[in-house]
Amino acid sequence: MTTIAVPTDLTAFGAHLHTRLADLTAEFARPTEAAGDENDRIAAVEELREGHEDEVSRLREFQRALFDAGVAWPSGPPELGGLGLTPAHDAVLDDVLDDMGFPTREALFVGLNIVAPALRAHAPDELRNSALPALFRGELIGCQLFSEPGAGSDLAGVSTRAVRDGDDWVLHGQKVWTSMGHLADVGEALVRTDPAAPKHAGLTMFLVDMHAPGVTVRPIRQMTGGAAFNEVFLDGVRVPDSHRIGGVGEGWKVASTSLGNERSTMSGAAGPLTPYVMERTVALVRRLGAEADPVHRPQIAKTVAAVTAMRAAAGLTPGSWSHNLAPVSGSVLKMLMTRALDEIAHLAEAVLGERAFVDHGEKDAFAWSEFVLGVPALHLAGGTDEIQYNVIAQRGLGLPRR
Ligand SMILES: Cc1cc2nc3c(=O)[nH]c(=O)nc-3n(C[C@H](O)[C@H](O)[C@H](O)COP(=O)(O)OP(=O)(O)OC[C@H]3O[C@@H](n4cnc5c(N)ncnc54)[C@H](O)[C@@H]3O)c2cc1C
């Protein structure tokens, strides 16, 4: 067997990926003139709705093809199908996939960017060695079972209980806002195993089989019209102890791994601010001649400034962050990303006027309603703005708690 040398330099790695993936474009890439095509959807939060089972199967096939091409997980260990490179190489992969017009992998985002890092850092070998390649091959779709009706920002207050029963744990409780829960095969569940312990110390993390008896998933309808997240009920769900991620009572540490990764990767091309969104924004402004309109130019400038700031921060190497801000860079990036998305949404609303919300059958117009209505959700997902401010102020800048 001949092995192909993979360059580590980021630019060369991008070029390598372009060559390596060229054969997959005919089968998987979307049409290049998306705005002129039948499907002009543009979303801030990707929603695979009811009846989109074919799209989900295609996405699994696409992820499988990436894995078979050896590039599905650049930062992963080679023995599990990775390339042994860095998270910066993962970001290059996301950029290249977007650039080559491959489908968005947002339905896989939680599994690959939130569940996988926790498994990699904390799971026992057997679970790690089976679940990680399955996630990166598209065989397993993952979801995050953290938030509950009574615990969101105060995540350590979760009340879903797990009680030990022989080799199993039995879970009872309710989770909510579970993105992609309706598609998921496995869920990373933060639960309380010791109600008597201080709240952060009484938590444990499990990988739950979403098809197990006792798991009920109910979609929640959003103002965009879609239903990308769900309520999940866990009624006596048995989870083997071998599916525990990390030690008993160490769930908070595992959750922190997932949350840190969620915030930083949300701001990359795997998140909602893709190069494709930028391309569509520029195309919209040009199509409507808004660049030359003095009414719109200030908003265009604000948008460009916000996106440029976001891109500049996202491009910093870990060592370039100031000593204080490095540990909270995920929160800083998330705030910059949501600001940039706000500006894009304001711009689309301004240049389209009522056509953003009333469907006249015009291409690349009403489609923006899904994007504009989806952006507010990103001020909450992955931790609200206020929580990010608290994290930056207290943990980054050392300011006192109020
Ligand atoms: C699109 C989307 C996808 C999501 N996907 C998932 C998922 O897949 N899995 C999952 O587990 N969860 C998910 N969530 C849930 C998300 O993590 C929570 O909505 C978020 O953490 C806020 O929790 P909450 O909704 O309970 O609001 P609350 O915590 O009740 O907050 C209400 C308000 O009070 C403010 N507030 C609360 N505490 C403080 C404080 N200490 N200081 C200042 N202000 C405060 C908040 O900022 C907010 O404005 C998703 C949410 C959205 C919108």
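Two strands are said to pair if DSSP finds at least two bridges between them. Helices (H or I, at least four residues) and strands (E, at least two) are themselves DSSP runs, numbered from the N terminus.

Good morning. The structure before us is a predicted model, in which local features need pLDDT of at least 70 and side-chain atom pairs count only at pLDDT 80 or more, while totals for chains, interfaces and linings use all residues. Residues are numbered from 1 along each chain as its sequence is written, and side-chain values use heavy atoms, with hydrogens and water left out.

Let us turn to the hairpin. Strands β2 and β3 form it, with 2 residues between them. In the turn, G166 has a positive phi of about 65 degrees. Strand β2 covers residues 161–165 and strand β3 covers residues 168–176; they pair in the antiparallel sense over 5 bridges. As an example, R164 has W169 in β3 as its bridge partner.

Strand β3 has a further partner. Which strand does β3 join through 9 bridges? It is strand β7, residues 229–240, and the two run antiparallel. Here D168 is bridged to P240 in β7. Strand β7 also pairs with strand β6, residues 215–220, in the antiparallel sense, over 6 bridges. Within that pairing, the bridge partner of R218 is E231 in β7.

Next, please find strand β5, residues 203–209. How many of its 7 residues are buried? The count is 6, so the strand is mostly covered; buried means under 20% relative accessible area, exposed means over 50%, and partly exposed lies in between, with a 1.4 Å probe and protein chains only. Strand β4, residues 186–192, is joined to β5 by 7 bridges, and these two strands run antiparallel. In this pair, E188 has L207 in β5 as its bridge partner. Strand β5 also pairs with strand β8, residues 244–245, in the antiparallel sense over 2 bridges.

I now come to the ligand. The ligand is surrounded by 16 residues, and the closest are S147, S153, W177, T384 and E386. What kinds of residue make up this shell? There are 7 nonpolar, 8 polar and 1 charged. In this scheme Ala, Val, Leu, Ile, Met, Phe, Trp, Tyr, Cys and Pro count as nonpolar, Asp, Glu, Lys and Arg as charged, and the others, Gly among them, as polar.

Where does the shell come from? At least three of its residues are drawn from each of domain 2 (142–249) and domain 3 (272–396), the domain bounds coming from an automatic or database domain assignment. Helix α12, residues 385–396, supplies the largest share, 3 residues.

Several atom pairs deserve attention. A backbone N or O atom of S147 lies 2.7 Å from an oxygen atom of the ligand. In the side chain of T384, an N or O atom is 2.6 Å from a ligand oxygen atom. For W177, a backbone N or O atom is 2.9 Å from a nitrogen atom of the ligand. Taken alone, the ligand exposes 970 Å², and the protein buries 66% of that; accessible areas come from the Shrake-Rupley method with a 1.4 Å probe, and for residues only the protein chains shown count as cover.

Is W177 buried, exposed or partly exposed? It counts as partly exposed because its relative accessibility is 48%.

D364 lies in the loop between α10 (329–352) and α11, and counts as buried because its relative accessibility is 3%.

Helix α11, residues 368–374, contains W368. Why does W368 count as buried? Its relative accessibility is 0%. W368 and E349 are 19 residues apart in sequence, and their C-alpha atoms are 8.1 Å apart in space.

Finally, consider A26, in helix α2, residues 25–28. A26 is exposed, with a relative accessible area of 78%. The C-alpha atoms of A26 and K175 are separated by 40 Å, and the two residues are 149 residues apart along the chain.

Thank you for your attention.

Key
Near = heavy atom within 4 Å. Polar contact = N/O pair within 3.5 Å; in protein donor to acceptor, adjacent residues only side chain to side chain.
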